[in-house]
Every structure is written in C-alpha cells, then in structure tokens.
Amino acid sequence: MFFLVSKIAEFFINPAHIALLLAATGVAMLFTRFAKAGRTLATAGTLALLAMSFSPLAIYLALPLENRFARPAADMPAPDGIIVLGGAFDESISMARGGVAFNDSAERLTAAVELSRRYPHARILFSGGSASLRGASYSEAQVAGRFLEQMGVDPQRIILEDKSRNTYENAVFSRKLAAPQPGERWLLVTSAMHMPRSVGIFRRVDFPAIPYPVAYRTRGSWMDISLHKNAADMLRVIDLAAHEWVGLLAYRLTDKTDALFPAP
C-alpha cells in the first residue's frame, strides 16, 4: 500500500505539475462565469512556473540536501562492501535495446566502478528492482550486473538485490543480503540529494553505512544565484528536491527513517 500511495503522490508533489495545472485550470475558467477567478489562477500558475524556471529557487531547495553529507576522505580505511542504490537506468529501454540506457543519475554506477577498482577486495551490492506498478520481467539489478561485468568487475564480487521498489526496501533487502558483521564498513552510494533520506532509512533498519554522495546538481554555494541552468534543468532540480523533502517527511511520519532530517 505504501508503494502504491507513493507512486500516485509522485505526480502531485511535482511543483511544475501543480503550476501547470493551476494555469491550465485558470485558462479553462476564462470561458465560464468564473473568468475572474480563472485569471487569478492562470496568473498564479504562470508566475510560479516562471519563478521555478528562472530563479535560484531550485538551488536553494537542493543545497541543504546535497550539502548535508560530505564524501569520506580519500585515505579512509578500505570498506568491506559498497552499496549502490538503483535509479541510474531506464530499465525498459535497456532491456528493449539490449544495452545499458543511463538516466541523469548515471554517476551512481560510474562511481561504483571507480570504487571497485580503488577497493579491489570490497563486495559490490547493487540494490534495485522495478518501480513498475504492474510488475516487470526485468529489474535494474539485471542491467547493473551486466554493466559492472562489462566494466571488468569480477562477478564473484557482485551481489544483486532485485526485489526492492523504493528506498526503504533497498535498505531492508540489502541488509538481508549483505549480512553485515560487527565492525564491517560499508559505503552507501547514491545521489547527493537522495542521501539524507537514504542514510536515515539505512540507520532505521540497523544497517549504518558511510555516505558517498554522487550526481550533484548544485555547485555547493548559497551565493550561486546565477542562472547557469536552462529552464528544463531548473524544473528537474525542483522536482527532485521537492520529492526528497516530501519523502523525508513521509518516511518520518511512517517511522521508516530515524530522523526528520538525518545528520552526519
């Protein structure tokens, strides 16, 4: 049920969708006896969309998430394992084309390859099933396993978790497969914006891991108010940031994370 509700909510928590819906509703109302209210809605929706597209709002929403956890020092002790969360592939295109189709979170996998070479004795656990409501005959884990092997990672080091549909299930199923022993060190690789929620969930299921954020969308400074992204990029960042802020609240209310805004 939680998975179904979260998938339905994804559309409605997208700020751009809301702004477009307001504007479209307002325009439709212009041809009715509610034309005055329609003008108000159309104006509000249009101004909101312009603000999200051409102001630093997206940066200000994303920065606290991306700056929450820093990468560990390069000379840290070698980890026993590396957890890589799904979300880097378009599974349907990958399977249909017989290749590897990345999305804009591809650095999760390229970082995994680099870390596998830096720490040759660490196990690589990729966690990602299918986000399809109807189920699927393939999973992200299948695509990830193929990619990692193509990049020269020894298949004996790879653990594939292919049942999870969300971050909470990533943590639960990864812990079961990894069976971490006392004193073991595991890295957690996911997008920087997604890291606070991921860390809180992994802590909640008693599988604390060392954050290794990747796929940054901001430059890291509050002074960065330049319009260095196009409108489509800014809307995408706003969508991702809103998804994470709402996700942090929802997961805390359902006791799936250990804090509202997990800290280092």
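How far apart are the mean positions of the 28 positive and 23 negative charges of the chain? They lie 6 Å apart. Lys and Arg count as positive, Asp and Glu as negative; His and the chain ends are left out. Each charge is placed at NZ of Lys, CZ of Arg, CG of Asp or CD of Glu.

This is a predicted model: local features need pLDDT of at least 70, side-chain atom pairs count only at pLDDT 80 or more, and totals for chains, interfaces and linings use all residues. Residues are numbered from 1 along each chain as its sequence is written, and side-chain values use heavy atoms, without hydrogens and water.

The chain has 264 residues, for which a compact globule would have a radius of gyration near 18 Å; the chain's 20 Å agrees. That radius is taken over C-alpha atoms, and the globule rule is 2.2 Å times the number of residues to the power 0.38. Buried residues (under 20% relative accessible area, 1.4 Å probe, protein chains only) make up 44% of the chain.

The chain holds ten helices and five strands. These are DSSP runs: helices are H or I with at least four residues, strands E with at least two. In strand β4 (residues 186-191), six of six residues are buried. Its partners are tabulated below; pairing requires at least two DSSP bridges.

| Pair | Sense | Bridges | Opposite residues |
|---|---|---|---|
| β1 (residues 81-85) and β4 | parallel | four bridges | Gly-81 and Trp-186 |

Notes:
Buried < 20%, exposed > 50% of the residue type's maximum accessible area, 1.4 Å probe, protein only.
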